Amino acid sequence: MVFKGDGNPLVPIFFLSYAQARLSRTSQTSPRDAELHVLRLFDDLSSYVGELLGSAVGEYPGFMDRSMEGETRWAPEVLAAAGTCHVFIPLISSGYVKSKWCAMEWDAFWRRNVIRRPSDSSGSQTAILAVIWLPMLEDRMPPGGAGTAILPAAAIEGPGHRSALPLRRGVRAPRAERRGGLLGLILALGPSARGCLLRVPCRAEDPYRHSATARVLPG
Amino acid sequence: MNSTSGRTAEVQRTRHGVYFFLSYAHSAPTSERVRSDADPSVGVFFADLAAAVAARARPLEGMEIGFFDQQIPPGANMKALLSEALGSAEVFVPLYSPGYFAKSWPMREQEVFRRRLRAASAVAPDEHIVPILWTPFPSWEQTPIVVRALSIGAGISEYGENGLRALCMLASYRRSYQLILSRLADEIVKVAERSPLGPSAAPYLDDVPGSAAAEAGFLVAMLAPRHGVSHAPQAVKGGENPWWRTYAGRRIPPVAEHAGSVAERLGLEARVADFVEVEELFGQSPAIVIVDPWMVADRGSEFLTSTFAGLPKWVVPLVLDGQPGDPGSGSAMAENAVEALDSALQVPVNRVNSMDQLDEILPTVVARARRTYLREGPVFPPVGLSKRPGRLRDEDLRNAEGSETDE
């Protein structure tokens, strides 16, 4: 009864991609704090996606690469996760778009073939669910952004659902979405932000149910 | 599982009823940092529903408002208390989610309640079960059972789209949430007060079937001195040892049974047994081994070290400690046991000194054991592969048909 995709319990449903924080004079949060917020988002996302899909014991719905940026070789598990996960969730920030490592992760996912499942829902065109994490100085999406849906902040914080906006390569992200970002929302709302985070996995579920991204085994 | 067929929970005639029983699926931790197996929003919803029912109810003396399993004291006989509660509840409220239908435990709770309804010859049994859509189901997964859960949210589209869990968590859905709550509370009070069943016998959880799908196996092994309950635990300073308090005389102590129930509730088919009985199975099943530190007095620390050094990584030990801060022999032995195991395993060994603490870490430990097994355990081809693949030549086909073997 429960849709389980390929049935392999070790394949992550989603891959959370983020830029590891660098110490910045203008930053209001320390790198460690920034990492904690990402971890918190990851844990919440994992638990919500698990609830939505009925994950079994021992199955972790999410994957997050916690190895240090700058290592020259991909850890096998990162490669395997990027090659097998169903939904890719990049946390967009100016640090993210500048990061070579993040671009590699995005690219690894982007290259995989997408097989559309027959369904009546439009969903997103790819299984990349970009979330604006921090306000961006640059207006451009990372390469490979064509057809990628950006989850607008309003769809997370407000009542009702607005469908995510598909963007073409090079198109500017709407100004409103750049203002606070999801991290801004989390910091501003505190504990009550947890409810908002629920909307992200609901959106993650949609591409998961409606398209299958072909698996690429690490080679 | 030790099942005694035909056993029914003793329903004390003096026990009064309870308006509703909340049934839900326990979910295993979904990442390394998450500890609990119970979604906090279930607790929130239970409290809200109990308040809403209490506001409307005119209970008979002694009648309680609501029951859910988080009221069971740590280490108590979970299954017996659940059967008792299922035998006393007027209305059964299941929180439907994919996890609910995938697990045997919540389905068995429902089956126990249904059998009790039949045995009590309930006039309109369906009205005593009021299902809730906890998380949304896509339209192609909406079986008649799920569709029934939609009925309480008639006219509230957010309920069907998001499930009650989301309505409970998101402030923007407060109004819809309150509306569903009051409809549900009205329904519960109406059924409980106008067509009460009264407490009646309910079967034991182990004696009813759950979901059809087979659950993955899990072992809970007890490693304790052979002399059993009558040995040293009674001699611990202060008299009573928290692990052996109830069920004196039974071969498998309650702590192991309890761990088995927790694993079962997470959706595993748990077998609880003495270490020696299941030692050979560790190669093919994730497990936890509950270690009575008196093993150190009985067989020495080297025995512990050598035993665990040879076991697969998915067999996780849990050392029981005496009273917290007890300077008596119990604690010192636990220390020795932990040291002995540390040297065998080179990972920190879990140690618990109360049922509360046990309950807190069990879901994580069970999830970790199972995950390690999934990642590093032996791989077996599907059971359906019983014939050799067909070949081009007839005689090869004839030979193949004559010798069916599983790889």
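This report covers the interface of chain B with chain A, then one serine of chain B.

## Basis

This is a predicted model: local features need pLDDT of at least 70, side-chain atom pairs count only at pLDDT 80 or more, and totals for chains, interfaces and linings use all residues. Residues are numbered from 1 along each chain as written, chains are lettered from A in the order written, and side-chain values use heavy atoms, without hydrogens or water.

## Extent of the interface

Chain B places 37 residues in contact with 33 residues of chain A (heavy atoms within 4.5 Å). The two chains bury about 3000 Å² between them, 61% of it on carbon and sulfur atoms. Buried area is the accessible area (1.4 Å probe) lost on putting the two parts together, summed over both. In chain B, the residues losing the most area to chain A are B:Thr30, B:Arg33 and B:Arg371, together 22% of what that side buries.

B:Arg33 pairs with A:Asp43 in a salt bridge, with the closest N and O atoms 2.8 Å apart.

B:Ser88 sits in helix H2 (residues 78-88) of chain B. Helices are DSSP runs (H or I, at least four residues), numbered from the N terminus. B:Ser88 is buried, at a relative accessible area of 0% (buried means under 20%, 1.4 Å probe, protein chains only). Its side chain reaches the backbone oxygen of B:Glu84 at 2.8 Å.

Methods
Salt bridge = Lys/Arg side-chain N within 4 Å of Asp/Glu carboxyl O. Helix = DSSP H or I, 4+ residues; strand = E, 2+ residues; numbered from the N terminus. Buried < 20%, exposed > 50% of the residue type's maximum accessible area, 1.4 Å probe, protein only. Polar contact = N/O pair within 3.5 Å; in protein donor to acceptor, adjacent residues only side chain to side chain.
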